[in-house]
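Visitor: I would like to learn how to read a model like this one. Where should we begin?

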Amino acid sequence: MILLAIDQGNTRTKFGLFSGDELQHTCAVPTVSVGEIEGLHAALGQMVEQRPRQLALCTVVPSLVDIWQQLAARLDLPLTVVTGM
């Protein structure tokens, strides 16, 4: 299974693409740049082309969870969200 793991902090959002237990690709962008759904899609770039089967989001910015849910719906992928709130 291909999983896209997202670690969203206040200043940086980090992505890791996993195939099974193996990390295949990583990248990071400023959190500000992922504030809109188009920005998210652009930030994910080639990782979305790998067609993950699931998204997992860990975030300390709960105000952006709705945007992640919109992107997951657009990509027709399940989204698991973990927040501190």
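Visitor: What is the mean pLDDT of the protein?

Guide: This is a predicted model, and where pLDDT is low, the predicted coordinates should not be read in detail. Here the protein has a mean pLDDT of 84, with 80% of its residues at 70 or more. By element, the lowest mean, 66, belongs to helix 2 (residues 46-49), and the highest, 94, to strand 4 (residues 54-59).

Visitor: Which residues are buried in helix 3?

Guide: A residue counts as buried under 20% relative accessible area. In helix 3 (residues 65-75), the buried residues are Val-65, Ile-67, Trp-68, Leu-71, Ala-72 and Leu-75. Their arc around the axis is only 160°, so they lie on the same side of helix 3.

Visitor: What follows helix 3?

Guide: Asp-76 does, and its phi is positive, near 55°.

Visitor: Is Gln-8 buried or exposed?

Guide: Gln-8, in strand 1 (residues 2-8), has a relative accessibility of 1% and therefore counts as buried.

Visitor: Which side chains does the side chain of Gln-8 make a polar contact with?

Guide: One is the side chain of Thr-59, at 3.0 Å. Another is that of Trp-68, at 3.1 Å; Trp-68 is also one of the buried residues of helix 3.

Visitor: How far apart are Phe-15 and Leu-44?

Guide: Sequence and space are read separately. Phe-15 and Leu-44 are 29 residues apart in sequence, while their C-alpha atoms are 7.8 Å apart in space. Phe-15 belongs to strand 2 (residues 12-19) and is buried, at 3% relative accessible area.

Note on methods:
Residues are numbered from 1 along each chain as its sequence is written. Side-chain values use heavy atoms; hydrogens and water are left out. Helices (H or I, at least four residues) and strands (E, at least two) are DSSP runs, numbered from the N terminus. Buried means under 20% relative accessible area, exposed over 50%, partly exposed in between (1.4 Å probe, protein chains only). pLDDT is the predictor's confidence in each residue, from 0 to 100. The arc is that of the directions from the helix axis to the C-beta atoms. A polar contact is a pair of N or O atoms within 3.5 Å; within protein, one must be able to donate a hydrogen and the other to accept it, and residues adjacent in sequence count only if both atoms are side-chain atoms.
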